[in-house]
Amino acid sequence: MKKGLVVKKNANLFFVGDLPCVARGNLKESGIFVGDRVEYDNRTQTIEKVLPRRNLLIRPPIANLERMLIVVAPTPKPDFYLVDKLILFCQINDIKPILVVNKTDILKKDLKDFIQNTYSHLLPIVCVSAQEGEVNAIKTEVKGICAFAGQSAVGKSSLINALFDEEREKVGQLSRKTDRGKQTTRLVSLHHLGGKNYLADTAGFSKLDERLLGVQERELGRFFADFVPYLGECEYNSCCHIAEKKCGVKQALKVGKISEQRYNSYVKIFQTLKNMRRVK
Ligand SMILES: Nc1nc2c(ncn2[C@@H]2O[C@H](COP(=O)(O)OP(=O)(O)O)[C@@H](O)[C@H]2O)c(=O)[nH]1
Ligand SMILES: [Mg+2]
Ligand SMILES: [Zn+2]
């Protein structure tokens, strides 16, 4: 029996590398995902077994994700609330986040400075331009199974095409309103970048629903890596860092050690989670 990686799924066919395979009779097809490591018989082209996973994401459907490359760009107007939600999602699911700033050909200094000041202490930042073909900085960040995430039209598909120097993903189609429906159902496939390194283009993370975070609002603070050093200075262990008087996080915000962007995202996620629980 051989071991391999599912890089693409097409109806009932699973591609283990280049080899199209079907699932063995008692294996549910709905239980095999792109990113799964499997045991397969290359003679009968049958997947016999799915090996244990490190994680499994449902939207987009992908297994064993190790790194998420969160893409932002000057256009469309950056949604840093989405960036903060994606970073949080990575923290919760033990995925390493990386920030990719695309379209540096039109990037203004103000935005670049804001991104550096807000995020450089939290995660690696790489600056690229799919249009100019300056994308090599991404390659060093792709280790294991990785996926792009971010708003529609920031250039994720363009980056894939620039990285592989051929048209592998459709560019621009998502910005048309009529194609909105397509983006969430689109299939995910892993592009091989050499060795054990793979990169997926995804559209499913473009609006991360707070419900998918799977945490209670009171647990949130410890998933904000930039809050953690100050949690010990809160008066109460159960501090929400919002209305309390003696709060390490609010003090750090006041003296500029925590950015307003990050704090505002925290409050917004906190309130959203709280309200969701109320209507349940
Ligand atoms: N100026 C500029 N435009 C880009 C760059 N990369 C992508 N675009 C444009 O951004 C639009 C959306 O690109 P696309 O790859 O479809 O974005 P996606 O929705 O994130 O996959 C297209 O019109 C691209 O031509 C870049 O580096 N610079
Ligand atoms: Mg795309
Ligand atoms: Zn506090």
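**Ala149**

I began with Ala149, which lies in strand β11. The model is predicted, so I read every value below as computed from that model. Is Ala149 buried or exposed? I counted 29 C-beta neighbours inside 10 Å. The cut-off for burial is 20 or more, so Ala149 counts as buried.

Next I listed its contacts, leaving aside neighbours within four places in sequence. Ala149 touches Met68, Leu69, Ile70, Leu86, Thr202 and Phe205. I also checked a distance to Lys96, 53 residues away along the chain. The C-alpha atoms of Ala149 and Lys96 are 12 Å apart.

**Strand β11**

I then took the strand as a whole. How many of the residues of β11 are buried? Five of its five are, and the strand is mostly covered. I looked at the side-chain directions. Ile145, Ala147 and Ala149 point one way, while Cys146 and Phe148 point the other way. In a regular strand, side chains alternate between the two faces of the sheet.

I followed the pairing of β11 on both partners. With β8 it pairs in the parallel sense over four bridges. There, Met68 has Ala147 as its bridge partner in β11. With β13, strand β11 also pairs in the parallel sense, over three bridges. Ala147 stands opposite Ala200 in β13.

Strands β12 and β13 (residues 198–200) run antiparallel and are joined by three bridges. In β13, Leu199 is the bridge partner of His191.

I also looked for a helix lying across this sheet.

**The barrel**

I turned to the other set of strands. Five of them close into a barrel, ordered β1-β2-β3-β5-β4, and the pairing is mixed. The twist here averages 55° from one strand to the next. I looked up one pair: β3 (residues 19–23) and β5 (residues 46–50) pair in the parallel sense over two bridges. Val22 has Thr46 as its bridge partner in β5.

**Ligand 1**

Which residues come nearest to ligand 1? Of the 17 residues around it, I noted Ala130, Gln131, Gly155, Ser157 and Ser158 as nearest.

**Whole chain**

I closed with the totals. The chain has seven helices and 13 strands. Its C-alpha trace spans about 70 × 45 × 35 Å along the principal axes. I compared the radius of gyration with the globule rule. A compact globule of 280 residues would have a value near 19 Å; the chain has 20 Å, which agrees.

I noted that 35% of the 280 residues count as buried. I then looked at contacts between residues at least 6 apart in sequence. Of these, 62% join residues at least 24 apart.

Terms used. Residues are numbered from 1 along each chain as its sequence is written. Chains are lettered from A and ligands numbered from 1 in the order in which they are written. This is a predicted model: local features need pLDDT of at least 70, side-chain atom pairs count only at pLDDT 80 or more; totals for chains, interfaces and linings use all residues. Two strands pair if DSSP finds at least two bridges between them. Axes are lines fitted to C-alpha atoms, for helices over the stretch in contact, and angles run from 0 to 180 degrees between N-to-C directions. A residue is near a molecule or strand if its C-beta atom, placed from the backbone, lies within 6 Å of it. The radius of gyration is taken over C-alpha atoms; the globule rule is 2.2 Å times the number of residues to the power 0.38. A residue is buried if 20 or more other C-beta atoms lie within 10 Å of its own, exposed if 12 or fewer, and partly exposed in between; C-beta atoms are placed from the backbone. Two residues are in contact if their C-beta atoms, placed from the backbone, lie within 7 Å.
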